[in-house]
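Hi there,

Here is the structure I promised to pass on.

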Amino acid sequence: KTMNSKLPNYSKIIITIIVVLVNPIISKAQWSVPVNLSPAAVQAGLNESMGSCIGVSNDTLHVVWTDKLSTTKAVLYYSRSIDTGVTFSNPVAITSLTGNAWNPAIAVSGKNVHVVWREINPANNRRASYYKHSLDGGNTWGANVFIDSTADWPAVAVSGNIVYIANDSITAASPYNTEIFLLRSLDNGVTWKPHQQLSFAVGRSEDEAITAQGAHVHMAWNDKRTGKFQIFYKESADYGVTWGPDIVVDTASDYNTMVSIDGAHVDVIAAGAPSGRYQVLLAQSVDTGATWGTTGINISNDTAHTYYLPDMVRNGSDLHVVSSSSNGAKYFHSADGGTSWDIPYTFTGSSTFVAYTGCAVHIIYVNTNKIYYLRNPTGNSGHCGVLTGITESKNNFDFTIAPNPFTYQTTLSFNRIQTNTNLKIMDMLGDVIKSETFSGNDYVLQKETIKAGIYFVQITDENKKIVNKKIVVE
């Protein structure tokens, strides 16, 4: 700072220009060489944008895809990385080799991995939605659970022990009509509440995207009630029991939507054609979906090419967007909440999905009938301590709390395995109301006798490093 203050103005300008020009080069250089996760696949595929095929918990990545073995056989495969994408496990088939499963989606909370997909029901040879669950981070899997008949494919979200599955079903054959239904499990997928209808309109309501955080559940979908496809949105503030009104968040001819939530920020991404070719359009809310600012923000702004199947995640002010296009797959990044965007990073592929862990950004996609993985270890720039250009530090001690706020229980997920770690829950006056020692990657905090209110979680690891975070009990 002292040295810069002595520089002439033109020197500052030159340095600024160099930084602006070099930053995109540095960012591009961070991306790894593509890794083939499915070398033995015959015809591997992912979902459309409404159902993500990558889920994260701490340093662990969970990936699911389908492999079409023949015209009547398709299998879901699963792989994971426990070191933020440095290495991956060998693919494991999690559905029958004689079945016909495709369009998978995944949601992860701690060690709980939830997968849904579409498969031909052998009882009537019709499309159906199915669900299965791993309680141990993908080591073992439960049985297939039949959800419902389906027009297209289901989506899944999880917040603590509450699991949400949304799917669209045919409600009328002529004229053709589909509506969206919701299933909720309050006990981590063991039992399910009755179906709850969420859309009520003439025309196709389909390709629902769903996400959850705390008590809030958010859904976006393709809807043709006006005669052309538009992106609709609705929100529940009470764990999916009741829902607010249907809100149009993109009015152009839209399709392929995904919804992302980070605190009070809700972002809905879609492929839309305000004029001519489909582009990547963004709608944003800063008050948990109650109101929406400018919608249909064109972040691709590329009239020469067509964009489709966008996906997005937000981490604070960092927005990460991927999309297929007629000019290759694209990755877009904004470090200021969407006000400005970096130069897109282009790679060969389609059906892209994006996730983040700490400093790192992760992308999976399809190329030549295989599933590939890309990693940028310092791509989540606003959450990275030092830009080394090689790897993120493993020495940073941190944890996440989800859901937060919580009603019954929440999970503290650590970025490395803990040994003899002390946990304290303190009220606003600093009084300790709970204290204990634990070990492991995750700690499940039960509400028990803790009253509703705002508290602080203080974690002291084995090296006496202390991290404090706020937690809200509802």
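Before the details, one definition: two strands pair if DSSP finds at least two bridges between them. Strands (E, at least two residues) and helices (H or I, at least four residues) are DSSP runs, numbered from the N terminus. Please keep in mind that this is a predicted model, in which local features need pLDDT of at least 70 and side-chain atom pairs count only at pLDDT 80 or more, while totals for chains, interfaces and linings use all residues. Residues are numbered from 1 along each chain as its sequence is written, and side-chain values use heavy atoms, with hydrogens and water left out.

A hairpin to start with

Strands β27 (residues 350-357) and β28 (residues 360-367) pair in the antiparallel sense over 6 bridges. Ser350 stands opposite Val366 in β28. The two strands form a hairpin with 2 residues between them, and Gly358 in the turn has a positive phi of about 55°. In β27, 6 of the 8 residues are buried, where buried means under 20% relative accessible area, exposed over 50%, and partly exposed in between (1.4 Å probe, protein chains only).

The chain as a whole

The secondary structure of the protein chain comes to 2 helices and 34 strands. Of its 474 residues, 54% count as buried.

Cores

A nonpolar core here is a set of buried Ala, Val, Leu, Ile, Met, Phe, Trp, Tyr and Cys residues joined through side-chain atoms within 4.5 Å. The largest one has 71 residues, and Val115 and Val268 have the most contacts inside it. A second, separate core of 18 residues includes Phe399, Leu423, Leu445 and Val473. Leaving aside neighbours within four places in sequence, Val115 is in contact (heavy atoms within 4.5 Å) with residues including Val64, Leu76, Ile94 and Trp141.

Backbone details

Which peptide bonds are cis? One joins Ser174 and Pro175, with omega about -5°, and Pro175 is found in the loop between β12 (162-173) and β13 (176-185). The bond from Ala402 to Pro403 is also cis, with omega near -5°; Pro403 sits in the loop between β30 (399-402) and β31 (409-426).

Positive phi values turn up in residues other than glycine too. Asn58 has phi near 55°, lies in the loop between β3 (54-57) and β4 (60-68), and counts as buried at 18% relative accessibility. Tyr239 has phi near 65°, lies in the loop between β17 (230-236) and β18 (247-250), and is buried at 14%.

Salt bridges

Side chains of opposite charge can pair when their charged atoms come close. The structure holds 8 salt bridges, each a side-chain nitrogen of Lys or Arg within 4 Å of a carboxyl oxygen of Asp or Glu.

- Glu206 and Arg204 meet at 2.8 Å, N to O. Glu206 is buried, with a relative accessible area of 2%, whereas Arg204 is partly exposed at 28%.
- Lys234 and Asp246 meet at 3.0 Å, N to O. Lys234 lies in strand β17 and Asp246 in the loop between β17 and β18, so the pair ties together parts that are 12 residues apart in sequence. Lys234 is buried at 6%, and Asp246 is partly exposed at 27%.

Lys234 and Asp246 are also linked with Asp223 and Arg225 in a network of salt bridges.
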